[in-house]
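Please look through the model below before reading on. The questions that come after it are meant for someone meeting this structure for the first time.

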Amino acid sequence: MRESVGLVWTAARRPFAALTTLQLFGAALTAAQVLATQWVLSGILALSSSGVRDVLLPVVALALLTAITAAAGSLQTSISRFVGEAVTRTMWQRVLDVSTGVELRKFEDPRFFDRLERVRASALTRPFQVTNGLVGCIGALASSLGLVATLYALNPLLLPLILISGIPVILTSRQESRLEFRFNLAQTPRLRLRTYLLILLTGRDEAKEVRAFGLSRNVRSRLNALYDGYFRDLTRHLRRRAGFNLVGQLTSALVLGATLLVLVWLIAYGGLGVAAAGAALVAVRMLAGQVQGLTGGIQSIFESGLFLDDLHDFLGLAPRRAELEVHGTPIDFGEIVAQDVRFTYPGRTEPALDDVTVRIGRGEVVALVGENGSGKTTLAKIIAGLYPADGGAVAWDGVRVEDLPPGDVRASTAVIFQDFVHYALDARTNIAFGRPDEAPREDRLRAAACAAGIDDALSALPTGYDTPLTRIFEGGHELSGGQWQRVAIARAFYRDAPLVVLDEPSAALDPRAEDELFSSLRRTLQGRAALIISHRFSTVRNADRIYVLDQGRIVEHGDHDELMARDGSYAELFRLQAAAYLPQSDR
Ligand SMILES: Nc1ncnc2c1ncn2[C@@H]1O[C@H](COP(=O)(O)OP(=O)(O)O)[C@@H](O)[C@H]1O
Ligand SMILES: [Mg+2]
């Protein structure tokens, strides 16, 4: 309760206050309606002695009260919609503070990711539920108090009776809430799988592979199996819920019958007027409705409990210092040394990097080669300052990364990963994201695109650099894999950082593009250092130094000629690749 009030209060102070006021006003109206009913009834009962005129005023009053109540209700609906949206926005802001602020390493932790997924999935519905639950509770509570006070005023004897009549519904509603909560908790994992399968069958990126492999039948039958299981559980759950509900309603009905009998008794022997008894009857019905509203509200909040717990824990992960602090000064470094670096991914036992030592001098082009899974990308992430090393250290001119101002390493590196992001935005933005905190500078943007060999292709698009690089938006245009890779490389160049890290940048490039890019790489880099990961020896052979990684360890290093002369694993891999291009007789 405290959590949700806090959330709603920070999100929309004034509308929430207005909403609460309206609820209290509504409660007063409810009580007034009961009194008006009594007034109408006494008017009717006195019809024989007085005229119709005496009933007119109370009837008009009752009608007016009813109309005002309805108007207040619809105003309330509008305001609570507004509050709900405001809560959603506030919530997203908090969630984004965490999701963008935590270190990358958190994303390796399945529990973190699960929680993020849950918070993200429920972010659109839960805040409404919390808000409505809360507002409903306040209103129902206030109205119940008003009704109780009115009943007390009518006849104090009515009070205990009324209170008792509410008990069965409260008890069974509580049971129902518990059932619902447990049901939802148990279904969550299956629900997530179901959502994923639905994405698989409706997603744009997945559509081609789903067709190419003919996956739809297989995936749909998985989906059906999940749904079948869900419906079995749902049926069982709904039956039990209905059972509880029935018991609650029947008991309430019995108690109501008893209440009526007592009312009759009070009219006959207790000196209760018929009008007051009629009003009491209306009040009892109203009270039952309010009690149901109250339990419904509590139920909403209760059902959102899991979500609020998640949210609470998740928000607790907010970083103390902004981990993604990008504002920093580029370091004009002489050398970067990764010394005896060790790194193990969370949840793994085998280290991904084991005592790795790598040096990148100012203006040098350094290459990393090695088989899949040998640790190249991991090393690139550590050198780029995205992961802290478990052991050993990365130092820029002898200063350990931990001792540098936060943000400096990031300001000094431009990284393009092998699975870089294809931003579904225009071409200019795709490149300008290299320096996201500055207004794009056209001349430098063009220069970066030229260096990456993509300027011509982008200029030729229907609306040039303003063309969205996706077909999901109107007027968009899809690029090929190789063209995308060049856009990403242009982004790295545009960042203008003293160290450029390119993880398999030539994988999707055609041989001519690769040759153009890498034969002119030093010119393009203009004195910047580069760490290049590649399987293509044509890309690698001109590097100042080549490190060969094998199962997380550096097994060889040196320039191309030295490594060939060594005749180790580099030479072996090189000959293997070269041989594939030569006629059989030349091997
Ligand atoms: N996010 C991750 N979580 C756990 N293990 C990972 C993760 N990424 C990579 N690994 C493991 O770390 C090792 C090195 O991976 P990686 O650096 O990506 O290799 P490479 O880039 O040389 O192909 C592999 O055994 C891989 O399975
Ligand atoms: Mg890799």
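The following questions and answers take up the ligand and then a pair of helices in this predicted model.

Q: How many Å separate an oxygen atom of ligand 1 from an N or O atom in the side chain of Thr 377?
A: A backbone N or O atom of Ser 374 lies 3.2 Å from an oxygen atom of ligand 1, and a side-chain N or O atom of Lys 376 is 2.9 Å from an oxygen atom of the ligand. For the side chain of Thr 377, the corresponding value is 2.7 Å.

Q: Why does α14 count as oblique to α16?
A: Helix α14, residues 442-451, packs with helix α16, residues 481-495, their axes being 8 Å apart. The crossing of these two helices is right-handed. Their angle is about 130°, and because angles of 65 to 115 degrees count as roughly perpendicular and those over 145 as roughly antiparallel, the arrangement of α14 and α16 is oblique.

Notes
Residues are numbered from 1 along each chain as its sequence is written. Chains are lettered from A and ligands numbered from 1 in the order in which they are written. This is a predicted model: local features need pLDDT of at least 70, side-chain atom pairs count only at pLDDT 80 or more; totals for chains, interfaces and linings use all residues. Side-chain values use heavy atoms; hydrogens and water are left out. A polar contact is a pair of N or O atoms within 3.5 Å; within protein, one must be able to donate a hydrogen and the other to accept it, and residues adjacent in sequence count only if both atoms are side-chain atoms. Axes are lines fitted to C-alpha atoms, for helices over the stretch in contact, and angles run from 0 to 180 degrees between N-to-C directions. Helices (H or I, at least four residues) and strands (E, at least two) are DSSP runs, numbered from the N terminus. Angles under 35 degrees count as roughly parallel, over 145 as roughly antiparallel, 65 to 115 as roughly perpendicular and the rest as oblique. A crossing is left-handed if the near helix is turned anticlockwise from the far one by less than a right angle, and right-handed if clockwise.
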